Amino acid sequence: MKQRSARERLLWAQFDALEMGSGWDDTDVAKPQIMIEDVYGDSHPGSVHLSQLAEQAKYGVFEKGGFPAQYHTTDICDGCAQGHDGMNVVLASREAIANMVEVHASAVPWDGMILSSSCDKSIPAHLKAAARMDIPTIFMPGGSMRPGPRMTTSLVAGDISLREKRKDAIGPQEIRDYKLTGCPSVGACTFLGTASTMQCVAEALGMALPGAALAPATMRDILQYARQAGRKIMELVEKDITPGKIMTPAAFRNAIIIHSAIGGSTNATIHLPSIARELGYDLPIELFDEINHQVPHLGNINPSGSQLTESFWFAGGVPMVEWMLRDMLDLDVMTVTGKTLGENLEELHRDNWFDRNLGYLANYGLERDQVIFPVEKAPEKGSVAVLKGNLAPDGSVIKYSACCEEQRSVVNGIARVFNHEEDAYAAVVNNQINPGEIIVIRYEGPRGCGMPEMLMTTEGIVCDERLNGKVALITDGRFSGATRGAAIGHVSPEAAAGGPIAFVEEGDLISYDIAERTLDLTGLHGVPCTPQEAAAALAERAKKGILPREKRKGFYKLYTDHALSAMKGAGLE
């Protein structure tokens, strides 16, 4: 077996001595060396259990004659950052984690890597680092949390938090009961948010073992996947199968097809282009729209459906969707099994994997067709649309599968303009937003303040009976994968880059049309206008310039000074 570690450790005798000082013996240093890096830490349920998976992966590496070493770069949780300035650094953390994995993987000549995470930014960070380093790598997902009471998710928090801020709307017992039951186990939150979406995307790219995405984090299966990853990485090292041979343009197209079919998070439209960029590929936002016009939406998964991610895995998960859509996919792409996608699916079929877990679904009184719709019964095509127009010349995104029917056609509304999400949320809480209005939140893009998500505000809207289904939100920021309702994000160019959204004024009229994929300013201070008049008004307003940014420092300054457009993945230029 060709070994980078065997060649380069001979350059300096201290290398072996340092490893043996860490507990290796003199035979270990001659074995293929595998870095197992995770985001283990006490920060949140998606990370606190990953040390157990890493331990199983180590056993697998040992079994096949390698020697593993564990590294950690802890991630952070969007939920813990919700509602305060901590959310501003969450997207930037993707770059920090990717950079630290690069540091760890570069300083030692590893023969292969296993990377393990569960959640929103750490998964794309690991895939970016894998692409950047291009040594044999397997991604190991951290799986799904258990359902909450009555098959709820942790996002009961949206309703709880809104009522907490309104006088006499909730009592302390209800708040305490939620806090004790909202996150009942380790694993990623059990809705199809960005965490669950990116687990599925990693598998659809071929970087995770078949069926590993969203395995229940408290069941034995996930430990078996981790052990198998340890064994399989040794085979990839032997065959020199690297991420560059797996994450090809065809694999990215497959991943977008699966993302469309399951109703995945809009954040994938940031993360996939950023991963592709590491490999030298341009993944245009228009490709997402093209595919979403063609692919049936099969996943009946919260928030675009009624079921939870654990049930999705029991119903067959990503492999089942791939099996159903195999005529649309490139089955010849290579995967981390050392086999093609087509070979993986045939092997799962022979092994009865597709049916083995249906009994768990029966425990909940469910059948597969209630969780993953048959192709012929798909209610719609796709789940995400890319809207363009005079407010978003470069593009914007909306997850229409999570909108009510009334918000999916042509929608006209009166602009309520805010330069900070906190102000918009306060307006929702204090009943200052009215049905028929469109909330505009700007200066929240990558260079504006790091592109925070707007979950607190979108949940405030949908949890208010007076506003739910009657108010849209438009922003150059982004949304949680759990976002419900008419939420148009990633508006580009962003306000901080002088995009048109910076020059919308209170009382202007805005229109969007999902079918026609448009987003436009259509009136000035309540008076309808022509496209030419709108363009002239925006140009005149632009002469005043954009708002100055506050003084920044450290990594946050580095990110907001150099972040790319959301349409280019919002990575560092």
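**Helix 13**

Select residues 268–278 in this predicted model. This is helix 13, and nine of its 11 residues are buried, so the helix is largely enclosed by the rest of the structure. Colour the buried positions: Ala268, Thr269, Ile270, His271, Leu272, Pro273, Ser274, Ile275 and Ala276. Then step past the end of the helix to Gly280. Its phi is positive, near 85°.

Go to residues 437–441, which make up strand 8. Five of the five residues here are buried, so strand 8 too is largely enclosed by the rest of the structure. Show the side chains. In a regular strand, side chains alternate between the two faces of the sheet. Which residues of strand 8 point one way, and which the other? Glu437, Ile439 and Ile441 point one way, while Ile438 and Val440 point the other way. Note that Glu437 is buried along with the rest.

Select residues 410–418 for strand 7, which runs parallel to strand 8 and is joined to it by five bridges. Next select residues 472–475, strand 9. Strand 9 pairs with strand 8 in the parallel sense, over four bridges. Here, pick Ile438 and look for its bridge partner in strand 9, Ala472.

**The largest cavity**

Switch to a surface or cavity view. How many cavities of 30 Å³ or more does the whole structure hold? A search finds four. Centre on the largest, with a volume of about 100 Å³. Select Glu203, Glu322, Thr335, Leu341 and Asn344, which lie nearest its centre among the 13 lining residues.

Then show helix 9 (194–204) and helix 17 (341–350), each of which supplies at least two lining residues. Helix 17 gives the most, with four residues. Colour the lining by class: eight residues are nonpolar, three are polar and two are charged.

**Salt bridges**

Side chains of opposite charge can pair when their charged atoms come close. The structure holds 41 salt bridges.

Start with Arg94 and Glu95, whose closest N and O atoms are 2.6 Å apart. Are these two residues buried or exposed? Glu95 has 3% relative accessibility, so it counts as buried. Arg94 has 0% and is buried as well.

Move on to Arg368 and Asp355, with closest N and O atoms 3.4 Å apart. Arg368 sits in the loop between helix 19 (358–363) and strand 5 (385–389), and Asp355 is in helix 18 (residues 353–356), so this pair ties together parts 13 residues apart in sequence. Arg368 is buried, with a relative accessible area of 16%. Asp355 is partly exposed, at 40% relative accessibility.

Finish at Glu573 and Arg447, where the closest N and O atoms are 3.2 Å apart. Glu573 lies in the segment after helix 24 (554–562) and Arg447 in helix 21 (residues 446–449), so the pair ties together parts that are 126 residues apart in sequence. Glu573 is exposed, at 56% relative accessibility. Arg447 is partly exposed, with a relative accessible area of 26%.

Terms used. Residues are numbered from 1 along each chain as its sequence is written. This is a predicted model: local features need pLDDT of at least 70, side-chain atom pairs count only at pLDDT 80 or more; totals for chains, interfaces and linings use all residues. Side-chain values use heavy atoms; hydrogens and water are left out. Buried means under 20% relative accessible area, exposed over 50%, partly exposed in between (1.4 Å probe, protein chains only). Two strands pair if DSSP finds at least two bridges between them. On a 1 Å grid over the protein atoms alone, a cavity is a set of points where a 1.4 Å probe fits but cannot get out, and a pocket is an open set with protein on both sides within 12 Å along at least five of seven lines; lining residues have an atom within 4 Å of a point. Grid points are joined across faces, edges and corners, and a volume is the space filled by probe spheres set on the points. Ala, Val, Leu, Ile, Met, Phe, Trp, Tyr, Cys and Pro count as nonpolar, Asp, Glu, Lys and Arg as charged, and the others, Gly among them, as polar. A salt bridge is a side-chain nitrogen of Lys or Arg within 4 Å of a carboxyl oxygen of Asp or Glu.
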